[in-house]
Amino acid sequence: MEVAPPKGRSGGAAWGLWLARRLGLAVLTLWLVSVVVFLATAALGDPVRAILGRDYDSNVARRQQLEAQLGVGDSIVSRYVDWLGGLVRGDFGTSLANQLPVGTQISSTVANTLVLVLLSALVMIPLAFGIAMVSAHYRRKRPDTVIQTILLALAGVPEFVTGILLVAVFSTSVFNVLPAVTLVAPGASPWDEPKGMVLPVATLVVAVTPYVSRIVRATLLEVLDSDYVELARLKGIPEPVVMRKHALLNAIVPGIQVIALQLAWLAGGVVLVETLFSYPGVGKQLVDAVRNHDVPVVQALSMIIAGVYIVVNLVADLLSILLTPRARTAISS
Amino acid sequence: MTTTTSESEHQVRRTAGLVIEGLGVSLTGSHVDVVDDIDLVLKPGEVVGLVGESGSGKTTVGTSLLAYSRAGAEISSGKVVLEDRDVLSLPWKEVRKLRGEEIAYVPQDPASALNPSIRIGKQLVELQQLRGIGTSESRLQAARDGLTEVGLPSDDEFLRRYAHQLSGGQVQRVALAMAFLPKPKVLVLDEPTTGLDVTTQKMVLDTMAELCRTYGVSALYVTHDLAVVANIADRVAVMYAGQIAELGPRDTIFANPSHPYTRALLDSIPHLSQARALKGIPGRTPSPGRRPDGCRFNDRCAFVVDRCRTEVPALRTVAPEHEVRCHRVGEIGTWDINIGTVPDADPDRPREVILSVEGLNVFYGRKQVVHDVTFDLAKGEVVALVGESGSGKTTISRSVGGLHKEWTGSLTFEGRELARSARQRSAEDRRRMQYIFQNPYLSLNPRLTIEQIIKRPMELFGLAKGKEATDRVVELMGQVALGPQMLHYQASRLSGGERQRVAIARALAAEPDVMICDEITSALDVSVQGSIVELLEGLRLERGISMLFVTHNLALVRSIAARVEILQAGSVVESGPVATVMDTPREEYTRTLLSNSPRID
Ligand SMILES: Nc1ncnc2c1ncn2[C@@H]1O[C@H](COP(=O)(O)OP(=O)(O)OP(=O)(O)O)[C@@H](O)[C@H]1O
Ligand code: SF4
Ligand SMILES: [Mg+2]
């Protein structure tokens with residue numbers, strides 16, 4: 001019946017192995033994504049014809065230049081290998097729309113979106129956990145019911161409606177204190193004008209918090225009913241400490257899992273919000289690129305979004321394991 | 001000088017005990033009582049056993065002493081007086097301070113009682129740390145001393161463990177050490193030994209008794225098993241349907257039980273010294289709100305008269321310190337511990353071997369857990385496999401049943417060699433050998449109806465179909481004492497004992513010749529265990545079914561089995577007819593098991 005204790009030293013090697021396996025898996029996923037992204041964009045039809053439209057027949061020189069740039073004559077396999085080789089070297093190719101390297105063109109938008117998402121996460125995580133704790137504390141009493149009703153309603157509202165409502169309240173008739181669109185001077189960043197960030201961040205927070213909060217509350221309630229929480233109370237531990245130390249610690253892992261899902265969703269799903277506020281981010285750029293048939297930009301952005309997805313999930317898994325002693329000791333022994 | 005003070009503190013420390021007066025707990029927002037009219041005194045240094053079937057309200061009383069009730073219920077009346085203070089009317093802050101420091105609690109289920117995310121060492125000192133008692137060194141030292149007191153290692157490595165890295169008995173002892181650390185005056189222990197094997201149970205009980213004696217602590221010990229209480233309690237309170245039915249000094253309760261319920265409970269307990277015809281108590285404990293008028297026990301009582309259905313009996317003193325809640329106390333004759341004893345199984349009975357196991361070695365991966373085990377089973381015979389947890393009982397029975405296939409050796413059924421896994425055996429062989437699992441809550445699909453569950457083997461083995469099958473189901477349900485009205489109940493509606501009966505009926509539906517029963521009563525109340533044993537004995541006599549009965553309860557073995565195999569660490573250390581092995585054990589290990597078993601005889 002004795003269970004072996006975690007082994008101190010050899011644990012390091014076990015962790016290395018685990019991490020290596022997960023990283024390998026992440027790379028494999030990324031590679032599969034690259035195949036899918038490439039095939040999908042290649043299947044969009046002849047990009048040259050799409051770009052030139054009526055000019056396709058008249059502007060022969062431009063046509064030939066584009067065909068050379070896209071390697072239209074080559075087989076699809078060799079085009080894929082070229083493109084993947086570039087990706088690995090960090091070269092995303094050249095934009096069809098303005099002949100600039102894709103890398104420099106998207107770096108600032110990627111940064112803008114990351115900042116938007118991270119800011120939203122920083123606000124959302126404590127807010128969601130806080131709401132969940134208050135709600136769980138008043139389980140099935142008035143404050144809990146009120147909070148749950150509001151969250152349920154919010155979860156049902158599409159984010160563009162939230163955004164429009166926020167705009168209506170804060171930047172038009174009622175208060176007019178915050179800008180409705182993000183105006184960014186060339187070469188500047190959106191956060192140079194913090195006021196402009198408020199509404200986009202708020203919209204995302206409102207869109208995501210209800211989900212996270214409801215899951216964390218459900219987990220918290222389950223944990224609060226457990227024998228060890230009962231014992232902690234009977235031991236005379238004050239309620240706030242019971243909540244923070246005994247309950248929250250065991251509810252955090254499912255919380256991390258939803259947060260990861262939601263963050264990954266944010267990384268790709270900010271399109272609407274960015275468009276709504278003219279926020280110069282990935283979403284807006286992706287929409288523009290698709291509209292312009294700028295294949296290399298679409299490919300690059302898709303890969304980056306997929307990458308973020310994978311990294312977020314990897315980090316979430318790692319954190320979950322680190323925070324679950326049973327899983328953690330299972331790896332190191 | 002200091003030594004003397006602490007010495008004398010240990011020896012002389014006097015507590016005032018605890019007085020419970022008119023305690024009632026009801027469901028929130030209704031007048032439905034979970035427990036009511038509880039009067040009980042815990043004298044200083046005394047251990048009081050609180051005994052009753054599942055659902056009788058023992059835990060509810062236990063946690064009320066700490067002014068705590070589970071969500072959905074609230075303490076509605078009464079007093080709990082500790083040193084002139086009523087715990088129930090103290091302000092919140094003081095109640096919290098009192099919990100742990102003056103009244104401590106050891107919870108029911110060892111597996112779930114410690115926080116899985118906090119290291120043992122930290123959980124042990126958590127309370128002292130929060131209250132700022134001592135320095136971090138003195139707290140750590142106290143934690144180490146506490147662990148040593150309960151017989152656990154106290155090194156850093158152990159303190160750094162999590163609950164999942166401990167065995168059930170270790171967790172329970174950590175919980176005990178944690179409760180004792182602040183040196184409380186009163187201790188509430190809620191079935192702290194459920195699910196532990198006898199050796200560990202004995203260790204936990206001895207530790208508790210020792211600590212209570214050393215520190216003059218009064219304890220309320222909650223359990224469903226009177227046999228456990230017989231060994232440790234000074235006084236016993238028997239609870240039924242939310243009230244105390246009988247209360248008295250231990251020896252009185254066991255020598256002269258005066259309430260029909262107490263007697264019924266005692267009749268369901270197996271003895272170590274002699275086989276008994278065990279009896280269950282028909283029906284089950286009514287839940288709050290469904291309790292009958294008059295005497296709450298009237299629908300299950302063997303002595304019921306008309307008056308019992310209308311008039312509520314009061315708790316009356318029948319002798320000094322002995323109180324009974326029954327109209328007919330004194331009219332129902334005396335009770336004798338030897339009622340129901342029957343001759344032990346005859347060791348010289350001719351045996352017609354049906355199943356034999358030879359040189360069985362079982363592996364999990366590369367690890368060998370069972371070593372060269374040989375035994376056989378005759379027609380209409382029960383053979384018990386006994387041992388501590390981890391001794392390989394279940395592994396052997398699973399290998400025989402074909403549920404585990406990593407084994408070598410030979411298994412013959414009526415002279416034919418059986419294949420290793422059930423899947424390779426013929427349908428006929430599978431039908432004739434049925435397995436019943438330990439946990440009735442896991443082994444039945446909660447969404448199927450009883451009819452569907454019991455019918456399935458008949459359809460599977462082509463024994464009966466349609467109307468005929470339904471008739472068979474009703475008949476089988478009758479045999480396991482379930483009414484036909486339950487035919488369309490879903491399994492989720494049944495109590496543990498009822499589920500286990502359904503599992504037995506399902507096994508019987510296949511018309512087996514051999515049943516393998518793996519700890520089938522260990523999750524159940526002793527009263528339910530009694531009725532299941534009664535049922536199995538009937539089946540054995542009527543149908544000549546053979547059984548391989550896995551258990552860690554030696555007293556139960558005496559009443560149910562003809563032969564016993566004692567296992568230690570995967571090997572048989574002693575085997576033979578039950579009466580021979582238990583009356584004249586040859587091995588030291590068998591003697592230890594016997595002396596660790598709780599007994600009332
Ligand atoms: N908070 C509650 N809400 C609803 N019912 C409750 C509550 N607390 C207890 N009960 C009911 O009251 C009865 C007594 O419960 P309690 O847990 O005290 O029994 P017990 O004797 O400890 O049983 P066991 O041996 O199974 O632990 C049960 O029928 C239970 O379902
Ligand atoms: S009062 Fe009647 S029903 Fe109740 S225990 Fe006594 S005899 Fe049985
Ligand atoms: Mg209980």
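**Entry 1: helix H22 of chain B**

I started with what the buried residues of helix H22 in chain B pack against: helix H8 (198-215), strand E15 (382-386), helix H20 (554-560), strand E21 (563-568), strand E22 (571-577) and helix H21 (578-583) of chain B. I take contact as heavy atoms within 4.5 Å. Helices (H or I, at least four residues) and strands (E, at least two) are DSSP runs numbered from the N terminus. H22 covers residues 588-596, and its buried members are B:Tyr589, B:Thr590, B:Leu593, B:Leu594 and B:Asn596. Buried means under 20% relative accessible area, exposed over 50%, and partly exposed in between (1.4 Å probe, protein chains only). A reminder to myself: an α-helix has 3.6 residues a turn, so residues three or four places apart point the same way.

**Entry 2: ground rules**

This is a predicted model, in which local features need pLDDT of at least 70 and side-chain atom pairs count only at pLDDT 80 or more, while totals for chains, interfaces and linings use all residues. Residues are numbered from 1 along each chain as its sequence is written, chains are lettered from A and ligands numbered from 1 in the order in which they are written, and side-chain values use heavy atoms, with hydrogens and water left out.

**Entry 3: ligand 1**

Which residues are closest to ligand 1? I found B:Ser54, B:Lys58, B:Thr59, B:Thr60 and B:Arg70, out of 18 residues that surround the ligand; a residue counts if one of its heavy atoms lies within 4 Å. Helix H2 (residues 58-64) of chain B gives the most to this shell, with three residues. By class, I noted five nonpolar, nine polar and four charged residues. For these classes, Ala, Val, Leu, Ile, Met, Phe, Trp, Tyr, Cys and Pro count as nonpolar, Asp, Glu, Lys and Arg as charged, and the others, Gly among them, as polar.

I then looked up some distances. A polar side-chain atom of B:Ser54 is 2.5 Å from an oxygen atom of ligand 1, and one of B:Thr59 is 2.6 Å from an oxygen atom of the ligand. For B:Ala73, a backbone N or O atom lies 3.4 Å from a nitrogen atom of ligand 1. Taken alone, ligand 1 exposes 640 Å², and the protein buries 74% of that. Accessible areas come from the Shrake-Rupley method with a 1.4 Å probe; for residues, only the protein chains shown count as cover.

**Entry 4: ligand 2**

Around ligand 2 I listed B:His259, B:Pro260, B:Cys295, B:Phe297, B:Asn298, B:Cys301, B:Phe303, B:Cys308, B:Cys326, B:His327 and B:Arg328. That shell has seven nonpolar, three polar and one charged residues.

B:Thr262 sits in helix H11 (residues 260-267) of chain B. Is B:Thr262 buried or exposed? B:Thr262 is buried, at 0% relative accessible area. Its side chain joins that of B:Glu246 in a polar contact of 2.7 Å. Such a contact is a pair of N or O atoms within 3.5 Å; within protein, one must be able to donate a hydrogen and the other to accept it, and residues adjacent in sequence count only if both atoms are side-chain atoms. Leaving out residues up to four places away in sequence, B:Thr262 touches B:Leu226, B:Val238, B:Glu246, B:Ile253 and B:Pro257.

B:Glu323, in strand E12 (residues 322-324) of chain B, is partly exposed at 24% relative accessibility. Among the residues that B:Glu323 touches are B:Ala245, B:Glu246 and B:Leu247. I also checked B:Glu323 against B:Leu360: they are 37 residues apart in sequence and 55 Å apart in space, C-alpha to C-alpha.

Chain A has 15 helices and zero strands. Of its 333 residues, 40% count as buried.

A:Asn250 lies in helix H11 (residues 239-269) of chain A and is buried, at 15%. The side chain of A:Asn250 makes a polar contact of 2.4 Å with the side chain of B:Ser117. A:Asn250 also touches B:Asn115 and B:Pro116, among others.

Helix H3 (residues 92-101) of chain B has B:Val95, B:Leu98, B:Arg99 and B:Gly100 buried. Their cover includes helix H10 (227-234) of chain A and helix H4 (120-131) of chain B.

**Entry 5: positive phi**

I noted A:His293, with phi near 55°, in the loop between helix H13 (282-291) and helix H14 (295-323) of chain A. B:Asp372 has a positive phi of about 45° although it is not a glycine; B:Asp372 is in strand E14 (residues 367-378) of chain B and is exposed, at 53%.
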